[in-house]
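Hi,

Here is the structure I said I'd pass on.

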Amino acid sequence: MKISAMLQAPAAKVLLFLYEKGEVRYTDLTNLISSRGTLSTNLKELEKERLIQRRVIATKPIESYYSLSEKGQEVAKRFNEIQKLIYE
């Protein structure tokens with residue numbers, strides 16, 4: 001697998017997006033990954049791996065916010081460094 005292809009995987013795209021933007025709403029992530037099923041699956045996996053954190057506000061409709069955990073910050077930082085090296 002090419003490294004550039006790995007960085008285009010949905011989970012990597014989410015990590016890099018959160019690294020750049022900080023905390024974002026679920027709707028912001030739907031603009032990044034158009035398939036809601038793919039997005040939801042990847043968010044659950046990233047949360048299970050403790051790379052991201054989810055914050056829910058019980059309003060109507062419910063608001064979900066996502067951000068990087070400390071561990072996720074480290075992983076995303078390294079992805080970002082790899083991305084810079086590849087695309088220089």
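Below is what turned up, starting with the sheet and moving on to the helices.

One thing to keep in mind is that this is a predicted model.

Let's begin with the sheet. It is open and has three strands in the order β1-β3-β2, with antiparallel pairing. Strands β1 (24–25) and β2 (52–57) are at the edges with a single partner strand each, so one side of each has no neighbour in the sheet.

Now for the helices. Helix α2 lies across β1, β2 and β3, and runs at about 90° to β3. Helix α2 (residues 10–21) also meets helix α5 (residues 70–86): their axes come within 9 Å and cross at roughly 100°. Angles of 65 to 115 degrees count as roughly perpendicular, so that is how α2 stands to α5.

Which residues make that contact? From α2 you get Ala12, Leu15, Leu16 and Tyr19, and they meet Gln73, Val75, Ala76, Lys77, Phe79, Asn80 and Gln83 in α5. Sorted by class, the contact has seven nonpolar residues, three polar ones and one charged one.

Last, the rings. I searched the whole structure for aromatic pairs and the count was zero. There is a charge over a ring, though: the charged end of Arg55 sits over Tyr65, 4.6 Å from the ring centre.

Cheers

Notes. Residues numbered from 1 in each chain as written. Predicted model: local features only at pLDDT ≥ 70, side-chain atom pairs only at ≥ 80, totals over all residues. Heavy atoms only, no water. Axes fitted to C-alpha atoms, helices over the stretch in contact; angles between N-to-C directions. Helix = DSSP H or I, 4+ residues; strand = E, 2+ residues; numbered from the N terminus. Parallel < 35°, antiparallel > 145°, perpendicular 65-115°, else oblique. Contact = heavy atoms within 4.5 Å. Nonpolar A, V, L, I, M, F, W, Y, C, P; charged D, E, K, R; others polar. Pairing = 2+ DSSP bridges. Phe/Tyr/Trp six-rings, centres within 6.5 Å; stacked < 30°, edge-to-face > 60°. Lys NZ or Arg CZ within 6 Å of the ring centre and 35° of its normal.
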